[in-house]
Amino acid sequence: FEIKKEYISKAGFWVAKKRYAQWMILKNGIPCDKLDVKGLDVVRSSFPKAFQEFMAKMLKDILMGKSSEDIGNELIDFKSNITTIPIEKIAKGGAIKELSKYDDGSWKVGMPVSSFEKGTPAHVKAGIVYNRLLKFFNCPFKHEPIRDGDKVKWVYLRNNPMGIEGLAFRNYNDPKDIMDFINLYIDRDGIYKAELDNKISDFYTALGWDKPSTETQNAKKFFEF
């Protein structure tokens, strides 16, 4: 007979079927003290690192019984300080596949930077734009273009003169002109809303809590005064 031992958790939190977190204290009969996460973006490598870290801490706080008010204040503080987080920690990551499928490398300076073949995925567009900007800024040959299968990071951008919605970077040996462009136009609020806000909303819905906002926090402080 093969007997499988059970997991024992001190607390658990289910967002939906096969999407949960539990604070395990016994695994296969061996005492432990660890966070076990399934189906949530805390464990997805492409998810921005800063958001992974925040969500992991938030899950631990929930499982440890921290109050909704304290967790809400931490969420507001995190969002308020997002401008101080390094770009590489709020960028999405992963390998760009089939870049050559959507770009034949024939782009020349003077052509629209943000013109793509129909159906080009967003992260592939970001990689194509990086390669085009290498030419646009006349970057030295030491800066290599992004190729099929390369691992990169990429971010959403605010409205800019070139009409670029997303831009990739290697996070090493990147041209100053491209990184200056990213620093100038990175859409931190857009990244927060697209990558983290809806996932946090799922937590609050599952818990039956009211999601905090800067406005409600300020109003509460006013009436406490």
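Modeller: Contact here means heavy atoms within 4.5 Å. This is a predicted model, where local features need pLDDT of at least 70, side-chain atom pairs count only at pLDDT 80 or more, and totals for chains, interfaces and linings use all residues. Residues are numbered from 1 along each chain as its sequence is written, and side-chain values use heavy atoms, with hydrogens and water left out.

Colleague: Okay, which residues is F203 in contact with, leaving aside its neighbours within four places in sequence?

Modeller: F203 touches F13, V15, L40, M55, M58, L59 and I62.

Colleague: And how do I read the largest nonpolar core?

Modeller: A nonpolar core is a set of buried Ala, Val, Leu, Ile, Met, Phe, Trp, Tyr and Cys residues joined through side-chain atoms within 4.5 Å. Buried means under 20% relative accessible area, exposed over 50%, partly exposed in between (1.4 Å probe, protein chains only). In this model the largest such core has 60 residues, and L167 and F203 have the most contacts inside it. Helix α1 (residues 49–63) gives the most to this core, with nine residues; helices (H or I, at least four residues) are DSSP runs, numbered from the N terminus.

Colleague: What about aromatic pairs: how is W154 placed against Y156?

Modeller: Rings of Phe, Tyr and Trp (its six-membered ring) pair if their centres lie within 6.5 Å; planes under 30 degrees apart count as stacked, over 60 as edge-to-face and the rest as tilted. W154 and Y156 are edge-to-face, at 5.3 Å centre to centre and 75° between the planes. W154 is buried, at 8% relative accessible area, while Y156 is partly exposed, at 26%.

How values were computed
Helices (H or I, at least four residues) and strands (E, at least two) are DSSP runs, numbered from the N terminus.
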